[in-house]
Amino acid sequence: MPFFDSPDDEEDEHLTVRELLTEMKDISEVIVDLAYAALLFDSQEIGAEVHHLGSRMDTLNHEIKIRMMLASRTKQDAVQLSVLLQVAEGAAAISKAAGDIVDLLELNPKGSPIVSLVLKEAEEKIRLQTLSDQSDMKGKSLESLSVETETGMRIIAIKRGIRWIYDPEKEVTLKEGDVLVVRGTEDGFERLRRFATGMEKWPVYPQEES
Amino acid sequence: MGPLEEMLLEIKDTSELMVDLAYSSLLYNNRDIAEEVNQLDARMQELENDIQEMAVQNAVEDRDIKKALLIIRLAQSVGEISGAAMKIADVVRRDVPPHPVIQLSLRETDVIITAVTVGATSDLAGATLGKIKLATNTGMYAIAIRRGRRYIYGPDQYTMMMEGDTLYVRGPEDGEQYLRDLANGTVHLEPKDLK
């Protein structure tokens, strides 16, 4: 293996350390949910995305290490930066564990309902909800909706036709027929379901200050 | 659910709480929270051992080797997650001031973990989480509550909040200020919010 391997993705070089670490933390938070979702829905497809996010995590971890080494000038620097590296390692370890969870698909978890039984009993459940054409959530961006603030449900992925959007960005606009993979409590899910089926109108608030 | 399912559920919930608390210990550079992560890990180890033992025992009885493997490996992976949380929280237990970039990175994410203290005149004092509909009204979920020296993990709708409680919550940043105002009593819920 070459020592001076350039990063796979050139644009990573332009990311700041802060951006690298933020992305690592974000991935570490969504990847475990996705791994459980892969088991729960017995989906190789979601599993493949977990592995994809996992290799993204490796790239980021690699990049952050290089930056730390370049940034270290004094002993004091090195001590502080080693701490930062340890956090990055932690995030990377979480994504590795998520990859291991997905590999359990090979053991045919469908044949042993225990796993889905446990996942269905969890305090925060992972569920699917289809967006009806009656729902006024359609055509709106995730940013304008703030689904998590309104319902407490976190959207971990969206299935649109045969395509999946994982860990959707704020700019994503919902469409009729989207299947939302969400995570949260029973209470929150019920609330989201009412909006997504069009039983209730999405609340509009007068001019928000921020 | 049988005891094995209960234990699997507990390690899953515990590992998630550990990750949440680990990141939040970093964000606030708080040793107490980091210490909690440590203690939860002890519980994790115990559960992991019990799960392995029970899974093997079941396999001897029902000869379902795949099922036992599935359970043992799942428990192991969940254990790795808690190990990662330990690694993250360990940073706080060292005597090194955290690099400012760490705090900035944690702040920058869409979902934050924060701590608020319940004031005497707050609507939250003396009310259950279910009554307040904390998640619905603020978008923030209580992941743990600290009461004096005691911690309540994974509080549910029947959990009562009391004056002086520290709520550890996670949710989108735009819900934070409202929750903070609600907790210190400068803002009150309207009757329609409680229905």
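Me: Which strand does β1(A) pair with, and in what sense?
Reply: In this predicted model, β1(A) pairs with strand β4 (residues 179-184) of chain A in the antiparallel sense, over six bridges. Strands here are DSSP runs (E, at least two residues), helices are runs of H or I with at least four residues, and both are numbered from the N terminus. Two strands pair if DSSP finds at least two bridges between them.

Me: What stands opposite Lys125(A)?
Reply: That is Gly184(A), in β4(A).

Me: And what's the strand order in the whole sheet?
Reply: Four strands of chain A form an open sheet in the order β1-β4-β2-β3, and the pairing is antiparallel. β1 (125-130) and β3 of chain A stand at the edges with a single partner strand each, so one side of each has no neighbour in the sheet. From one strand to the next the twist averages 20 degrees, taken between axes fitted to C-alpha atoms (for helices over the stretch in contact), with angles from 0 to 180 degrees between N-to-C directions.

Me: Zooming out, how many helices and strands does chain A have?
Reply: Chain A comes to seven helices and four strands. Along the sequence the pattern reads α-α-α-α-β-α-α-β-β-β-α. Its C-alpha trace spans about 60 × 50 × 30 Å along the principal axes.

Me: What share of chain A is buried?
Reply: Buried residues make up 40% of its 210 residues. The cut-offs count other C-beta atoms, placed from the backbone, within 10 Å of a residue's own: 20 or more is buried, 12 or fewer exposed, and in between partly exposed.

Me: Where does Leu84(A) sit?
Reply: Leu84(A) is in helix α3 of chain A. This residue is buried, with 22 other C-beta atoms within 10 Å.

Me: Which residues does Leu84(A) touch, skipping neighbours within four places in sequence?
Reply: Leu84(A) is in contact with Met68(A), His99(B), Val101(B) and Ile102(B). Contact means that the two C-beta atoms, placed from the backbone, lie within 7 Å.

Me: How many residues does each chain give to the A-B contact?
Reply: Chain B gives 45 residues and chain A gives 45 residues. On the chain B side, α3(B) gives the most, with 15 residues. That side divides into 24 nonpolar, 10 polar and 11 charged residues. Ala, Val, Leu, Ile, Met, Phe, Trp, Tyr, Cys and Pro count as nonpolar, Asp, Glu, Lys and Arg as charged, and the others, Gly among them, as polar.

Me: Switching to α7(B), which residues there are buried?
Reply: In helix α7 (residues 176-184) of chain B, they are Leu179(B), Leu182(B) and Ala183(B). Seen down the axis of α7(B), the buried residues fall within an arc of 95 degrees, so they line one face of the helix. The arc is that of the directions from the helix axis to the C-beta atoms.

Me: What follows that helix?
Reply: Gly185(B) follows α7(B), and its phi is positive, near 85 degrees.

Me: Last topic: what's the mean pLDDT of chain A?
Reply: The mean is 85, and 92% of the residues reach 70 or more. pLDDT is the predictor's confidence in each residue, from 0 to 100.

Me: What about numbering and cut-offs for the model?
Reply: Residues are numbered from 1 along each chain as its sequence is written, while chains are lettered from A and ligands numbered from 1 in the order in which they are written. In this predicted model local features need pLDDT of at least 70 and side-chain atom pairs count only at pLDDT 80 or more, while totals for chains, interfaces and linings use all residues.
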